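Dear colleague,

I am handing over the structure shown below for your records. My notes on what was found follow directly after it.

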Amino acid sequence: MSTNLRIALRFLTARKRSMLMSLAGIIFGVGFFIVTQAQTSGFEQFFIKVILGTNGAIRIEDKIQATTFTLAAAGHDPDASKFEVETDRTGRKYIAGVEDPGLIIEALRRFRNVAGASTVLEGSVIADSSFKNDSAKVYGIKLEDHLAVSDLAEQVARGHGSLDDFRTTPQGLLVGKVLADRLLLSVGDSLILQAGTEQRRYRVSAIYVTGVSDIDKVRIYMHLGEARSLLKKATGASFIQVSLFDRDRAPQDAVQLEEILRHGAKSWQEREVSWLNAFKALQVSAALTVSTIILISGLGMFNTLAMLVIEKTKEIAILRSMGYSRRDISQIFLWLGAIVLGIGTVGGWILGFAVTYGVSKWPIHITGIFTAETFQVYWSINHYLIATLCAAVVVMTAAVIPARRAARLEPGDIIRGTSQ
Amino acid sequence: MSPPVQASTEFALRCENLHRYLGQGEGRVHVLRGVSFAARPGKVTAIVGPSGCGKSTTLYLLGLLDQPDDGSIWIRDRLMSNSSDLDRTAARCEHIGFVFQFHFLMQEFSALDNVMMPMRKLGRLSDAEMADRARALLKDVGLGDKTHRLTTQLSGGEQQRVAIARALANQPAIILADEPTGNLDVKNSAIIFDLLTRLAKENGQAVVLVTHNPDIAHRCDEIKPMRDGEFC
Ligand SMILES: Nc1ncnc2c1ncn2[C@@H]1O[C@H](COP(=O)(O)OP(=O)(O)O)[C@@H](O)[C@H]1O
Ligand SMILES: [Mg+2]
């Protein structure tokens, strides 16, 4: 062990109580920093999982009005089309819907990051159970395609009934939990859907729960063929839902897809930008709030060390007279900071870890943009690293000033002052 | 490294024409007015004089704890008075042992730790060797059975003896003692003085001590009377 560290350890015990106070501050600061970050990003990650599981990573909709080349050319030879990309985004005109979804899906297969694509035909209907009626949105899907781009299977498992019934029943429907409750529907009940003048009778195959109340209260899944006849759209699609292997590449992929497929393509980051920004703001504000605990314990540390320098001037003079350099003296006080920092951060990690774990088991009932039964936490080493960095900057800054003051003391002045 | 100005290997320590002002503004006092002095290895020099004549100030300058406003100090032929803080610090560690009037020991450390402190800084011995040497030194000063006592558990005389053991730790060429027996009774004073002179003679160290005690002064090899910042 270095001599300076050895001396620092002895000095530490000289102001045990105020050192312990600063230490406690750092432990709590680091611990709470970790807990709040784990929570805020936990809810963010949960939200992302939910939106990816319901609306997919990228949605392709609305054909761009062709100017210099045809969709067919783009679909069959995406590389060639790159040379004729229209750069002026503002002047772009869109035609609602996807004209030839088959062509788009075929083109999508060439993208390495695309995991799956599902054609969706969307339309507004009036849903009429024997008790009540309510407006709803039907989503005509090919079940197997859609299972590949969503967590629909999981969402049905969280509700009632089974996908097998839907799979084998042409008139089968998958109804959101909130809508089903509102219409007093259970699995096996029949339901009349009305679109324009068209009116047909269906059967509830299963009730699903996404947790997103905006979805669960309006969305009804049905077979694409049935949707075509109900909505009277023999061809085309409202949009194509795309899932990706690497969800973080969605924005770049969307831009590329838009240029190549000549259809508007929106990534989940773009669609949910306001929610994602709200989560980020929450995360930053939690970090700033909790950092003040670290900051205050840093001030306490500064105070403690400044007092210690005054209290130990005689010792500093003795050390200097024995040949300890200014650098040794400042090192001793920096060591004091480092020791408290070290114990404080490790203690903070343990506290943060334990509380995060405890909170993740905490039953709460949240509904709104999503539904959760417990506090959501996200485990990330980054939260620990950032908390450590924050504590290190604060504590070491608090140690540097007293350390420099201690190093500047002139042994002659001190000894003259005390021996007189 | 500066070349020796005047080769004189006879001297462990030498100073010429030291001047020192203390205080600021109106209160500025010309404390040392041209002090010249030399100390030989194996010899004990006593500086005597009335209170406030500048004895301690001289000793701090010689111990490189303070810097003169004018004049030169050589430690073993090496001019130290205008060298850097780092060089003077290193010289203190290697060549100078200081005994203060008030047994300046490190609180919270044992007698053994205190004696090992200068050795740790010098770093020439292993941990075990340092501990052995510190124990031997404490035995020499009659504290062989109290090596692990904290300094607060020792009497004034015992603390002063630890301070002497510590001053001897790195086998310095020069031992400077500022009234080492100043606040001890007659019996303890005699013990401390005998200890210092005996150990110094055995090791060939130059001892410079400040004292008010005429008995002690007369037992030294040389007496330097001082008055108003000058030797007379
Ligand atoms: N900081 C200071 N400012 C002004 N004068 C000082 C200061 N320190 C010491 N002195 C003066 O310097 C003189 C010499 O002090 P010192 O060397 O301690 O004397 P001694 O050790 O011989 O008793 C004294 O007259 C003292 O008053
Ligand atoms: Mg004095």
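I begin with the sheets of chain B, where B:Thr45 stands opposite B:Val208 in β8(B). That pair belongs to strand β3 (residues 44-48) of chain B and strand β8 (residues 206-210) of chain B, which run parallel and are joined by four bridges. Strands here are DSSP E runs of at least two residues and helices are H or I runs of at least four, both numbered from the N terminus; two strands pair if DSSP finds at least two bridges between them.

Please note that this is a predicted model, in which local features need pLDDT of at least 70 and side-chain atom pairs count only at pLDDT 80 or more, while totals for chains, interfaces and linings use all residues. Residues are numbered from 1 along each chain as its sequence is written, chains are lettered from A and ligands numbered from 1 in the order in which they are written, and side-chain values use heavy atoms, with hydrogens and water left out.

Sheets of chain B

Strand β1 (residues 13-22) of chain B pairs with β2(B) in the antiparallel sense over eight bridges. Within this pairing, B:Leu18 has B:Val35 of β2(B) as its bridge partner, and B:Leu13 stands opposite B:Ala39 in β2(B). The hairpin of β1(B) and β2(B) has six residues between the strands, and B:Gly23 takes a positive phi near 90° there.

Domains of chain A

Chain A is divided into domain 1 (3-51 + 275-416) and domain 2 (114-244), with bounds that come from an automatic or database domain assignment. The contact (heavy atoms within 4.5 Å) takes six residues from domain 1 of chain A and six from domain 2 of chain A. The centres of the two domains, taken over C-alpha atoms, are separated by 53 Å. Between them the domains bury about 440 Å², 36% of it on carbon and sulfur atoms; buried area is the accessible area (1.4 Å probe) that two parts lose on being put together, summed over both.

Two salt bridges are counted between domain 1 and domain 2 of chain A, a salt bridge being a side-chain nitrogen of Lys or Arg within 4 Å of a carboxyl oxygen of Asp or Glu. The side chains of A:Lys49 and A:Asp151 form a salt bridge at 3.5 Å, N to O. A:Lys49 also forms a salt bridge with A:Glu154, the closest N and O atoms being 3.6 Å apart. This latter pair links distant parts of the chain, with A:Glu154 in helix α7 (residues 152-157) and A:Lys49 in helix α2 (residues 16-55) of chain A, 105 residues apart.

Interface of chains A and B

At this interface, 25 residues of chain A are in contact with 27 residues of chain B. The two chains bury about 2600 Å² between them, 59% of it on carbon and sulfur atoms. In chain A, the residues that lose the most area to chain B are A:Arg10, A:Met322 and A:Arg416, together 24% of what that side buries.

Six salt bridges are counted between chain A and chain B. In one salt bridge, the side chains of A:Arg416 and B:Asp66 meet at 3.1 Å, N to O. On the side of chain A that touches chain B, α1 (3-12), α15 (313-321), α16 (326-360) and α18 (411-419) of chain A each supply at least two residues.

Over all chains, a search of the whole structure finds 35 salt bridges.

With kind regards
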